[in-house]
Amino acid sequence: MNHGTMAHLNGFQYGWVNPVVAYLIACAGAAIGLRCTARAMTLKPQKRFGWLALAAGAFGCGIWSMHFIAMLGFMVDSSSLVYDIPLTLLSLLVAVVVVGLGIGVVGYRGKSTGTLLLSGLLTGCGVAVMHYLGMAAMQVEGKVSYDSLLVVASVLIAIAAATAALWMTLNVKGLPSALGAAMIAGVAVVAMHYTAMAAVTVDLDGRPLGGGTPASQFILPLAVGIMVVLAVAGIAIALSPQDPEPGERPAVEPIRVDLFGQDRH
């Protein structure tokens, strides 16, 4: 049996550029997704689906973009690194669907503790499943393995922070709380990612790469598409009707576009 050589891994090839940009993207996706969720909760249950679907798309696309922006700074010494495109796209779909399930639970079942915990569990697991599917799509000239304890820790981080972000979205009002929730969700995704990456080891054995594609060749068009999704969701939030808080009167009547048939409670 041939034993390979343990590769040196560098997750910060370009310094702090990738982590900082990845965090900002994660926060942007989370901010839009959580605001869409909060907006859905002001409507009758039968009118919430559009906002919740928009929340799932924004949140899922944000965390997926964060993962691959961070991965652009990941290098394996003495090995090329390519990705299986179908599996990579599957990780994006899974992120949107599983996070959507988590958001849907809290969107339709209310603010009870049990509902919030279940929603946080599903949303956090959506982040984790997306990450490990994305890692399964990664092809190197060796065997990739993981430290089990760090894998578990990464999943727990994602679940805990996702639950905290959802609680803030549903229970604390105002712009500061919205920004705080988005920052917490951004921390969840980034902390989960780098904890999970700390679990990775690569044993180089000279195996040939499959028919993968370098990340630099596909990340730009996908990122542009995802930015369009986030921009559309942000515009929808900005233009949709939102009642002022009790006792407040808007200084200027805003432009209002009635999206998704917004009948209030």
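Colleague: In which helix does Met66 lie?

Modeller: This is a predicted model: local features need pLDDT of at least 70, side-chain atom pairs count only at pLDDT 80 or more, and totals for chains, interfaces and linings use all residues. Residues are numbered from 1 along each chain as its sequence is written, and side-chain values use heavy atoms, with hydrogens and water left out. Helices (H or I, at least four residues) and strands (E, at least two) are DSSP runs, numbered from the N terminus. Met66 is found in helix H2.

Colleague: Is Met66 buried or exposed?

Modeller: A residue is buried under 20% relative accessible area, exposed over 50%, and partly exposed in between (1.4 Å probe, protein chains only). The relative accessibility of Met66 is 1%, so Met66 counts as buried.

Colleague: How far apart in space are Met66 and Gly29?

Modeller: In sequence, Met66 and Gly29 are 37 residues apart. From C-alpha to C-alpha, their separation in space is 9.2 Å.

Colleague: How many helices and strands does the protein chain have?

Modeller: From the N terminus on, the order of elements is β-β-α-α-β-β-α-α-β-β-α-α-β-α. The chain has 265 residues, of which 47% count as buried. Its secondary structure comes to seven helices and seven strands.

Colleague: What share of residues 149-170 is helix?

Modeller: The unreviewed UniProt entry lists residues 149-170 among its "transmembrane region" features, and 115-137 is also one of them. UniProt positions follow the numbering used here, feature names are shortened, and annotations may be inferred rather than shown by experiment. Residues 115-137 are 96% helix and 0% strand, with end C-alpha atoms 33 Å apart. Residues 149-170 have end C-alpha atoms 32 Å apart and 0% strand, and their helix share is 100%.

Colleague: What is the angle between the ring planes of Trp64 and Phe68?

Modeller: Rings of Phe, Tyr and Trp (its six-membered ring) pair if their centres lie within 6.5 Å; planes under 30 degrees apart are stacked, over 60 edge-to-face, and the rest tilted. The whole structure holds five aromatic pairs. One of them is Trp64 with Phe68, a tilted pair with centres 4.6 Å apart and planes at 40°.

Colleague: Why are Trp64 and Phe68 separated by about one helical turn?

Modeller: Both residues belong to helix H2, which covers residues 49-71. Trp64 is buried at 0% relative accessible area, and Phe68 is buried at 1%. The separation is about one helical turn because Trp64 and Phe68 are four residues apart in that helix.

Colleague: Which residue forms an edge-to-face pair with Phe68?

Modeller: In this pair the ring centres are 5.5 Å apart and the planes are at 70°. The pair links distant parts of the chain, 15 residues apart, from helix H2 to strand S4 (residues 82-83). The partner of Phe68 is Tyr83.

Colleague: How far is Ala95 from Trp64 in space?

Modeller: Ala95 is in helix H3 (residues 85-109) and is buried, with a relative accessible area of 0%. Ala95 and Trp64 are 31 residues apart in sequence. Their C-alpha atoms are separated in space by 7.0 Å.

Colleague: Which residues make the nonpolar surface patch?

Modeller: Patches are made of residues with over 30% relative accessible area and no salt bridge; like charges are joined within 9 Å, and nonpolar side chains (Val, Leu, Ile, Met, Phe, Trp, Tyr) within 5 Å. Accessible areas come from the Shrake-Rupley method with a 1.4 Å probe, and for residues only the protein chains shown count as cover. Leu24, in helix H1 (residues 17-40), is exposed at 53%. The patch, of about 460 Å², is made by Phe12, Trp16, Val20 and Leu24.

Colleague: Which residue forms a salt bridge with Arg207?

Modeller: A salt bridge is a side-chain nitrogen of Lys or Arg within 4 Å of a carboxyl oxygen of Asp or Glu, and the structure holds one. Arg207 is partly exposed at 37% relative accessible area, and Asp205 is partly exposed at 39%. The closest N and O atoms are 2.7 Å apart, and the partner of Arg207 is Asp205.

Colleague: What is the phi of Ser78?

Modeller: Most residues other than glycine have a negative phi. Ser78 lies in the loop between strand S3 (75-76) and S4, and counts as exposed at 67% relative accessibility. Although Ser78 is not a glycine, its phi is positive, at about 65°.
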